[in-house]
Amino acid sequence: MPPTPSPPPIDVFVHSGTAEWWQIVAAFGPIAVVLGAVAAAFIGWRTLKQKAIADDRAEWWKRTQWALDRALDEDENTKALGLATLDVLAHSDLARNEELELLDIAWKSVNGASDGGSDPGGVVDSADDMGENGTTADDTGEGRS
């Protein structure tokens, strides 16, 4: 078997001038990919956070509807349960000012109808006991600030 011929020599040209513009732009490619990934991760995180808050608020509203239904019941025990639940929900961080105003209106209408029209104060600002047994006021005797 004859010996294998060696490959022909390869000529290498080294340019000593400045780099072309596209070479400079290409050097920033990996940085652009990393920045894009960071931006996408941030957007995804914000979207998940926003969805979690929206889900929590939707669940808060379902509980509020349940409590309002109980607060408007004819049975005094059921009404007390609904009002106590509304008090707890009113102190939640999920409650916005608009919803707190609605709870104030509901509280006034329910209590106004049951005790001859007196104005006990709002759900949020009232330090009064809610319900007949007086067990639903907070321990400090102060309403939500």
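Biologist: As what does Leu-35 count, buried or exposed?

Modeller: Leu-35 counts as exposed, at 56% relative accessibility. The classes are set by relative accessible area: buried is under 20%, exposed is over 50%, and partly exposed is in between, with a 1.4 Å probe and protein chains only. The model is predicted, and local features need pLDDT of at least 70, side-chain atom pairs count only at pLDDT 80 or more, and totals for chains, interfaces and linings use all residues. Residues are numbered from 1 along each chain as its sequence is written, and side-chain values use heavy atoms, with hydrogens and water left out.

Biologist: Which residues make a nonpolar surface patch with Leu-35?

Modeller: A patch is built from residues with over 30% relative accessible area and no salt bridge; like charges are joined within 9 Å, and nonpolar side chains (Val, Leu, Ile, Met, Phe, Trp, Tyr) within 5 Å. Here Ile-24, Phe-28, Ile-31 and Leu-35 form a nonpolar patch of about 410 Å².

Biologist: What is the secondary structure of the protein?

Modeller: Elements are DSSP runs numbered from the N terminus: helices are H or I with at least four residues, strands are E with at least two. The protein has 4 helices and 0 strands, in the order α-α-α-α along the sequence. Leu-35 sits in helix 2.

Biologist: How does one compare the span of helix 2 with what is expected?

Modeller: The expected span is 1.5 Å times one less than the number of residues in the helix. Helix 2 (residues 29-71) has 43 residues, and its first and last C-alpha atoms are 63 Å apart, close to the expected 63 Å. For helix 3, with 15 residues, the span is 21 Å, close to the expected 21 Å.

Biologist: Which residues make up the largest nonpolar core?

Modeller: In soluble globular proteins, nonpolar side chains tend to be buried together. A nonpolar core is counted as a set of buried Ala, Val, Leu, Ile, Met, Phe, Trp, Tyr and Cys residues joined through side-chain atoms within 4.5 Å. The largest one has 12 residues: Trp-60, Ala-67, Ala-71, Leu-83, Leu-86, Leu-89, Ala-90, Ala-95, Leu-100, Leu-103, Trp-107 and Val-110. At least two residues of this core come from each of helix 2, helix 3 (76-90) and helix 4 (97-114). Of the 145 residues of the protein, 22% count as buried.

Biologist: What does Trp-60 touch?

Modeller: A contact means heavy atoms within 4.5 Å. Leaving out residues up to four places away in sequence, Trp-60 touches Leu-89, Ser-92, Leu-94, Ala-95, Glu-99 and Leu-103. Under the same exclusion, Leu-89 touches Trp-60, Arg-63, Thr-64, Ala-67 and Ala-95. Leu-89 is in helix 3 and counts as buried, at 8% relative accessibility. Its C-alpha is 9.4 Å from that of Leu-103, 14 residues apart along the chain. Among the contacts in the protein with a separation of 6 or more, 48% join residues 24 or more positions apart.

Biologist: How many salt bridges does the structure hold?

Modeller: Side chains of opposite charge can pair when their charged atoms come close. The criterion is a side-chain nitrogen of Lys or Arg within 4 Å of a carboxyl oxygen of Asp or Glu. The structure holds 3 of them. One joins Asp-55 and Lys-51, at 2.9 Å from N to O. Those two are 4 residues apart in helix 2, about one helical turn, and Asp-55 is partly exposed at 41%. Another joins Glu-59 and Lys-62, with the closest N and O atoms 3.8 Å apart. This pair is 3 residues apart in helix 2, again about one helical turn.

Biologist: Which residue forms a salt bridge with Glu-99?

Modeller: The partner is Arg-57, with the closest N and O atoms 2.6 Å apart. Glu-99 is in helix 4 and Arg-57 in helix 2, so this pair ties together parts that are 42 residues apart in sequence. Both Glu-99 and Arg-57 are buried.

Notes
Areas by Shrake-Rupley, 256 points an atom, 1.4 Å probe, with all protein chains shown as cover.
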